[in-house]
Amino acid sequence: MESYALLIAASLNAGTVLAIASLGLLINEKAGIVNLGAEGMMLCAAIAGFAAVVHTGSDWLGFLAGMGAGALLAAILGVLVIWLNTNQYATGLALSLFGVGFSAFVGIGYVQAKLPERPRFAIPFLENLPFVGPALFRQHPLVYGAMLLAAGMVWFLYRTRAGLVLRSVGESPTSAHALGYPVRRIRLAAVVFGGALCGLAGAYLSVIYTPLWVEGMVAGKGWIALALTTFATWRPGRVLLGAYLFGGVTMLQFHLQGQGVHIASQFLTMLPYVATIVVLALISRNPTWIRLNMPASLGKPFYPGT
């Protein structure tokens, strides 16, 4: 039973990276912007956060550095695609490639660096409960923060006027503009906020989840996070569940190896990516369902006055 509790705990930890990044991308897409640069943004944020912790010793400053890096790159993306009307897909891919190369260059001096000793986190009294204690109550605060973030996003999007405006910008920017809403500024704010969340996910990866810096350490998680928004049909609660599902698939390989199950490690390593492809293929079988849930202006430029 203890091994299963540890598997659940590890799945929550791994899923947190995907959950935070996916929620950021969800906000982008609710505003009508597709951000294909998540992988590169997370890598730049990972090295920014890791370097900040190496030099300051503070995890929280590392998270802030990661969020700042993600927000900065997202702002660049936003200016290009929102004000200059560059192609969202090509610009996002360019940003992703830039992030991969830039993070590798900047991170050369940090490959062998070590972080200060990691503090132990646990919820008093609850951590000693049988099974659920080690499974649920010995996590980093950001694990619970991701759950609160998803709940807060549900409230914001579906219970507040600002959330309604954001969704209207994603559904019909022309109508929102006609009503006097600054569509471009709203989209830019959504893109920067989403980038900050992607940055937080990258910093969490290098500071807490690993914790170390290795070139390319995001290893496709930015693309999985992007796929999760479609998997969840653009609903924050489903994003959270999907993130933990994919986190569980990621950690299953280590659990099976620990149990002595003889399966090729290469097969186990590819499981999360195979799961992503299978889920997207199954969802894509019903284009009507996708069309009903997807923001109508997703990926389309907005031209004021049209």
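# Exercises on rings, helix packing and burial

The structure holds three aromatic pairs. The model is predicted. Work through each exercise with the coordinates open.

## Exercise 1. Two ring pairs

Classify the pair Trp60 and Phe63 by its geometry, then do likewise for Phe98 and Phe102.

**Solution.** 

Step 1. A pair of aromatic rings is described by the distance of the centres and the angle of the planes.

Step 2. For Trp60 and Phe63, the centres lie 5.1 Å apart and the planes make an angle of 75°. Planes over 60 degrees apart count as edge-to-face. The pair Trp60 and Phe63 is therefore edge-to-face.

Step 3. Check accessibility. Trp60 has 47% relative accessibility and counts as partly exposed. Phe63 is buried, at 3%.

Step 4. Turn to Phe98 and Phe102. Their ring centres are 5.3 Å apart and the planes lie at 15°, so this pair is stacked.

Step 5. Phe98 and Phe102 are four residues apart in helix α4 (residues 88–106), again about one helical turn. Phe98 is partly exposed at 43%. Phe102 is partly exposed too, at 39%.

## Exercise 2. α10 against α13

Determine how the axes of α10 and α13 are oriented, and list the residues that make the contact.

**Solution.** 

Step 1. Take helix α10 (residues 221–231) and helix α13 (residues 271–283). Their axes come within 10 Å and cross at roughly 30°.

Step 2. Angles under 35 degrees count as roughly parallel. α10 and α13 are therefore roughly parallel to each other.

Step 3. Assign the hand. The crossing of α10 and α13 is left-handed.

Step 4. List the contact. From α10 come Ile224, Ala227, Thr230 and Phe231. From α13 come Pro272, Tyr273, Thr276, Val279, Leu280 and Ile283.

Step 5. Sort by class. The contact of α10 with α13 has eight nonpolar residues, two polar ones and no charged ones.

## Exercise 3. α2 against α10

Repeat the analysis for α2 and α10: angle, hand and contact residues.

**Solution.** 

Step 1. Helix α2 (residues 38–56) packs on α10 at an angle of about 130°, with the axes 7 Å apart.

Step 2. Roughly antiparallel needs an angle over 145 degrees, and roughly perpendicular runs from 65 to 115. α2 and α10 are therefore oblique to each other.

Step 3. The crossing of α2 and α10 is right-handed.

Step 4. Ala38, Glu39 and Met42 are the α2 residues in contact. They meet Lys221, Gly222 and Trp223 of α10.

Step 5. By class, the contact of α2 with α10 has three nonpolar, one polar and two charged residues.

## Exercise 4. Two single residues

**Solution.** 

Step 1. Locate Tyr144 in helix α6 (residues 141–159).

Step 2. Tyr244 is 100 residues from Tyr144, and their C-alpha atoms are separated by 13 Å.

Step 3. Locate Met251 in helix α11 (residues 236–258). Buried means under 20%.

Step 4. Gly15 is 236 residues from Met251 along the chain, yet their C-alpha atoms are separated by 9.6 Å.

Methods: Residues are numbered from 1 along each chain as its sequence is written. This is a predicted model: local features need pLDDT of at least 70, side-chain atom pairs count only at pLDDT 80 or more; totals for chains, interfaces and linings use all residues. Side-chain values use heavy atoms; hydrogens and water are left out. Axes are lines fitted to C-alpha atoms, for helices over the stretch in contact, and angles run from 0 to 180 degrees between N-to-C directions. Helices (H or I, at least four residues) and strands (E, at least two) are DSSP runs, numbered from the N terminus. A crossing is left-handed if the near helix is turned anticlockwise from the far one by less than a right angle, and right-handed if clockwise. Contact means heavy atoms within 4.5 Å. Ala, Val, Leu, Ile, Met, Phe, Trp, Tyr, Cys and Pro count as nonpolar, Asp, Glu, Lys and Arg as charged, and the others, Gly among them, as polar. Rings of Phe, Tyr and Trp (its six-membered ring) pair if their centres lie within 6.5 Å; planes under 30 degrees apart count as stacked, over 60 as edge-to-face and the rest as tilted. Buried means under 20% relative accessible area, exposed over 50%, partly exposed in between (1.4 Å probe, protein chains only).
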